[in-house]
Amino acid sequence: MAEDQNLKKVGLLGYGRLGQALAARLLAEGAQHGLELVFVWNRDPRRLQSTLPPALRLHDLSALGDRSPDLVVEVAHPKIIHDLGAQILSHADLLVGSPSALADRDTEQQLLESSRKSGHSVFVARGALWGAEDICRLDASEGLQSLRITIATHPDGFRLEGPLGRAPQEGPRTVLYEGPIRGLCPFAPRNSNTMAAAALAAPSLGFDGVVGVLVSDLSLVDRHVIDVELRGPPGPSGQSFCVRTQRENPAEPGAVTGSATLTTFWGSLLACGSRSAPKPGIQLC
């Protein structure tokens, strides 16, 4: 019993594909990593009834503090971060799985202020962003001039809103958006999280400087393809440092989250859950 008191208590917001995978691993493996799942909340509480023990079901999000979490993991929707992120930080550290929410300047500022006031950290999961640490280091050394993230998948894998949701498919491969990530996130809140993580990894460019490209491709039925291209400033010879990577993430038809992202997010949870003295502010994990 004494050992259980030393476990870091984790709450989970969202019980879709990613939330269910995280809950299952926390229940099966959490103790060996020093973690204990203490509640799961979902926008539709009926989803919790089939597989989750009743004691873990949280029906009223305002009662979150009664479970005394050390870390709250959001894998629901950016709206949760918009509406409740600052409030959650008054109780616990927060791992954001929907960083597209931070494209909203007011939301980002509210989280920063709440983090500084409470001393709790805002962690952002890198998700499907390949090379996040390298981008951070290059940006910190003033060696990053441009960053471009292209995400392509089958149209059934998109959950788009506003004008993007009404955009027609023009041929087998259609560019739905190309421009600053800040302009994309409100209309593709569930499909722009990798791009948002890139904007946070490169604060010198941020949401207004990092370019996002969203592509609907009829041939990509079972995978998401993410291209990252970054360039440094021209050197004495006039040539620029350049890196291009392509990640093919297997995905079930119509799925928003690719299979490899499930593993990556678990790694992010373990990384921020293991930090004994988190620092205020927003940081990739």
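1. A word on classes before we start: Ala, Val, Leu, Ile, Met, Phe, Trp, Tyr, Cys and Pro count as nonpolar, Asp, Glu, Lys and Arg as charged, and the others, Gly among them, as polar. With that in hand, the lining of the largest cavity has five nonpolar, five polar and three charged residues. Do keep in mind that this is a predicted model.

2. Staying with that cavity: searching the whole structure turns up one cavity of 30 Å³ or more. The largest cavity holds about 30 Å³ of space. It has 13 lining residues, and those closest to its centre are Thr153, Val221, His224, Glu252 and Gly254.

3. Next, the domains. The chain splits into domain 1 (8-128 + 261-284) and domain 2 (132-256), so note that domain 1 is written as two stretches of the chain. Their C-alpha centres are 24 Å apart. Where they touch, 18 residues of domain 1 are in contact with 21 residues of domain 2.

4. Now for the largest pocket, with a volume of about 820 Å³. Its lining is made up of 38 residues, and Leu18, Arg190, Asn193, Val256 and Thr257 are the ones that lie nearest its centre. Two or more lining residues come from each of helix H2 (17-29), strand S6 (146-153), helix H8 (193-201), strand S9 (223-234) and helix H10 (259-273). H2 gives the largest share, three residues.

5. Where does the largest pocket lie relative to domain 1 and domain 2? Both domains give residues to its lining, so the pocket lies between them. As for the classes, its lining residues divide into 13 nonpolar, 18 polar and seven charged.

6. The second largest pocket has about 280 Å³ of space. Of its 13 lining residues, Ala199, Leu200, Ala201, Pro203 and Ile282 are the closest to its centre. H8 turns up again here: along with helix H9 (206-209) and strand S11 (281-284), it gives two or more residues to the lining.

7. What is the class make-up of the lining of the second largest pocket? It has nine nonpolar, two polar and two charged residues. Domain 1 and domain 2 each supply at least three residues to this lining.

8. Last, have a look at a pair of helices. The axes of helix H3 (residues 78-89) and helix H4 (residues 105-118) come within 8 Å and cross at roughly 10 degrees. Angles under 35 degrees count as roughly parallel, and that makes H3 roughly parallel to H4. On the H3 side, the contact is made by Ile81, His82, Gly85, Ala86 and Leu89. H4 brings Thr107, Gln110, Leu111, Ser114, Ser115 and Ser118. Sorted by class, this contact has four nonpolar, seven polar and no charged residues.

Key
Residues are numbered from 1 along each chain as its sequence is written. This is a predicted model: local features need pLDDT of at least 70, side-chain atom pairs count only at pLDDT 80 or more; totals for chains, interfaces and linings use all residues. Side-chain values use heavy atoms; hydrogens and water are left out. On a 1 Å grid over the protein atoms alone, a cavity is a set of points where a 1.4 Å probe fits but cannot get out, and a pocket is an open set with protein on both sides within 12 Å along at least five of seven lines; lining residues have an atom within 4 Å of a point. Grid points are joined across faces, edges and corners, and a volume is the space filled by probe spheres set on the points. Helices (H or I, at least four residues) and strands (E, at least two) are DSSP runs, numbered from the N terminus. Axes are lines fitted to C-alpha atoms, for helices over the stretch in contact, and angles run from 0 to 180 degrees between N-to-C directions. Angles under 35 degrees count as roughly parallel, over 145 as roughly antiparallel, 65 to 115 as roughly perpendicular and the rest as oblique. Contact means heavy atoms within 4.5 Å.
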